[in-house]
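Please look through the sequence and the model below before reading on.

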Amino acid sequence: MNLLDFLNKWAGDNTETEQKLKGLLSTFFDRDPRTIRNWVTNTPQYVRWSLKRLDKEWEQLGRINYAIFFEE
């Protein structure tokens, strides 16, 4: 799953949720927000794997769970 697919699925047309997800992903991957913007068009394989894992967990929950970004 690439970043654009992930954002479309979980944020939809909600700009606030999209920005929150991008911010959390920037922190989660220790990357500059500009890198996250670049990932929309070319998502690296390790990021695709992480997004797939997040998507699977959120599918099972039936909602977005931001707690994973704050776990140690």
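**Rings, helices and a loop**

At 11% relative accessibility, F29 counts as buried, because the limit for that class is under 20%. The model is a predicted one, and the values given here are computed from it.

The structure holds eight aromatic pairs. In one of them, the ring centres of W10 and W58 are 5.3 Å apart and the planes stand at 85 degrees, so this pair is edge-to-face. Because W10 belongs to helix α1, residues 3-10, while W58 belongs to helix α4, residues 45-61, the pair ties together parts of the chain that are 48 residues apart in sequence. W10 has a relative accessibility of 15% and therefore counts as buried, and W58, at 1%, counts as buried too.

The rings of F28 and F29 also form a pair, with centres 5.1 Å apart and planes at 80 degrees, so that this pair is edge-to-face as well.

Which residues of α1 and α4 meet each other? On the side of α1 they are L3, F6, K9 and W10, and on the side of α4 they are L51, L54, D55, W58 and E59. W10 and W58, already described as a ring pair, are thus among the residues through which the two helices touch. The axes of α1 and α4 lie 10 Å apart and the helices pack at an angle of about 20 degrees; as angles under 35 degrees count as roughly parallel, α1 and α4 are therefore roughly parallel to each other. The crossing that α1 and α4 make is left-handed.

Two further details concern charged residues. The charged end of K20 sits over the ring of Y66, at 4.4 Å from the centre of that ring. D30, for its part, is found in the loop between α2, which covers residues 15-28, and α3, which covers residues 33-39. Although D30 is not a glycine, its phi is positive, at about 50 degrees. Is D30 buried or exposed? With a relative accessibility of 66%, D30 counts as exposed, because the limit for that class is over 50%.

Note on methods:
Residues numbered from 1 in each chain as written. Predicted model: local features only at pLDDT ≥ 70, side-chain atom pairs only at ≥ 80, totals over all residues. Heavy atoms only, no water. Phe/Tyr/Trp six-rings, centres within 6.5 Å; stacked < 30°, edge-to-face > 60°. Helix = DSSP H or I, 4+ residues; strand = E, 2+ residues; numbered from the N terminus. Buried < 20%, exposed > 50% of the residue type's maximum accessible area, 1.4 Å probe, protein only. Lys NZ or Arg CZ within 6 Å of the ring centre and 35° of its normal. Axes fitted to C-alpha atoms, helices over the stretch in contact; angles between N-to-C directions. Parallel < 35°, antiparallel > 145°, perpendicular 65-115°, else oblique. Left-handed = near helix turned anticlockwise from the far one by under 90°. Contact = heavy atoms within 4.5 Å.
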